[in-house]
Amino acid sequence: MILYRLHCPKDHEFESWFRDSAAYDAQRGRGLVTCPVCGSPDVDKAIMAPALGRGARKDAVEVADAPPPAAAPQPVALMSDKEQQVRAMLRAVREHVEANSDYVGDEFASLARRMHEGEEEKRAIRGEASPDEVRALIEDEIEVLPLPVLPDERN
């Protein structure tokens, strides 16, 4: 038995068991493989990573006679309550800083230095700085903190 992940032109994905590759080809050729969501017979194999085993096991169960499993919804990774709380706190911190500071872009390091030296009026600012600029500010005891990057911003 072989399990194929399949998809139709409407991007519905599902899985189905076949005796072998030839059985899939024969059934698809006769129009017997259809999308369970929209009924389209235009079904193709989706890209799958092979399941590599460690060889035959004594307790392996023969699945050739077993009926194919029903197509079930794929599991979704969920965040724990603690992870959701941490993300909510990071988002709140970021929103607070953005609402209560001026964005100064690439001028952040030079403006922070001028404010520290008394050449500019002190105020809350945020902006961009290279790692070298940040290191120099910290070495000169100028307080800087990175804004938390939220995971959804990287996806």
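Let's start with aspartate 102 and arginine 123, whose side chains meet in a salt bridge at 2.8 Å, N to O. The term salt bridge here covers a side-chain nitrogen of Lys or Arg within 4 Å of a carboxyl oxygen of Asp or Glu. Aspartate 102 sits in strand E4 (residues 102-103) and arginine 123 in the loop between helix H3 (108-116) and E5, so the pair ties together parts that are 21 residues apart in sequence. Helices (H or I, at least four residues) and strands (E, at least two) are DSSP runs, numbered from the N terminus.

A word on the ground rules: this is a predicted model, so local features need pLDDT of at least 70 and side-chain atom pairs count only at pLDDT 80 or more, while totals for chains, interfaces and linings use all residues. Residues are numbered from 1 along each chain as its sequence is written, and side-chain values use heavy atoms, with hydrogens and water left out.

Back to that pair: aspartate 102 is partly exposed at 36% relative accessibility, and arginine 123 is partly exposed too, at 39%. For these labels, buried means under 20% relative accessible area, exposed means over 50%, and partly exposed is in between (1.4 Å probe, protein chains only).

Now look at arginine 113 and aspartate 140, whose side chains form a salt bridge at 2.6 Å, N to O. Here distant parts of the chain are linked: arginine 113 is in helix H3 and aspartate 140 in the segment after H4, 27 residues apart. Arginine 113 is partly exposed at 25% relative accessible area, and aspartate 140 is partly exposed at 39%.

Arginine 114 has a partner as well, forming a salt bridge with glutamate 120, and the closest N and O atoms are 3.5 Å apart. Both ends are partly exposed, arginine 114 at 28% and glutamate 120 at 30%.

Some acidic side chains gather together instead. Asp106, Glu107, Glu128 and Glu133 make up a patch of negative charge on the surface. Patch members have over 30% relative accessible area and no salt bridge, with like charges joined within 9 Å and nonpolar side chains (Val, Leu, Ile, Met, Phe, Trp, Tyr) within 5 Å. Within this group, glutamate 128 sits in the loop between strand E5 (125-126) and helix H4 (131-139), and it is partly exposed at 39%.

Next, the backbone. Most residues other than glycine have a negative phi. You'll find aspartate 11 in the loop between strand E1 (2-7) and strand E2 (13-18), exposed at 66% relative accessible area. Glutamate 141 is another non-glycine with a positive phi, about 60°. Glutamate 141 lies in the segment after H4 and counts as exposed at 68%.

Finally, take helix H1 (residues 21-29). Aspartate 20 caps its N-terminal end, with a side-chain oxygen 3.2 Å from the backbone nitrogen of alanine 22. After H1 comes glycine 31, with a positive phi near 80°.

How values were computed. Accessible areas come from the Shrake-Rupley method with a 1.4 Å probe; for residues, only the protein chains shown count as cover. Lys and Arg count as positive and Asp and Glu as negative; His and the chain ends are not counted. The place of a charge is taken as NZ of Lys, CZ of Arg, CG of Asp or CD of Glu. A polar contact is a pair of N or O atoms within 3.5 Å; within protein, one must be able to donate a hydrogen and the other to accept it, and residues adjacent in sequence count only if both atoms are side-chain atoms.
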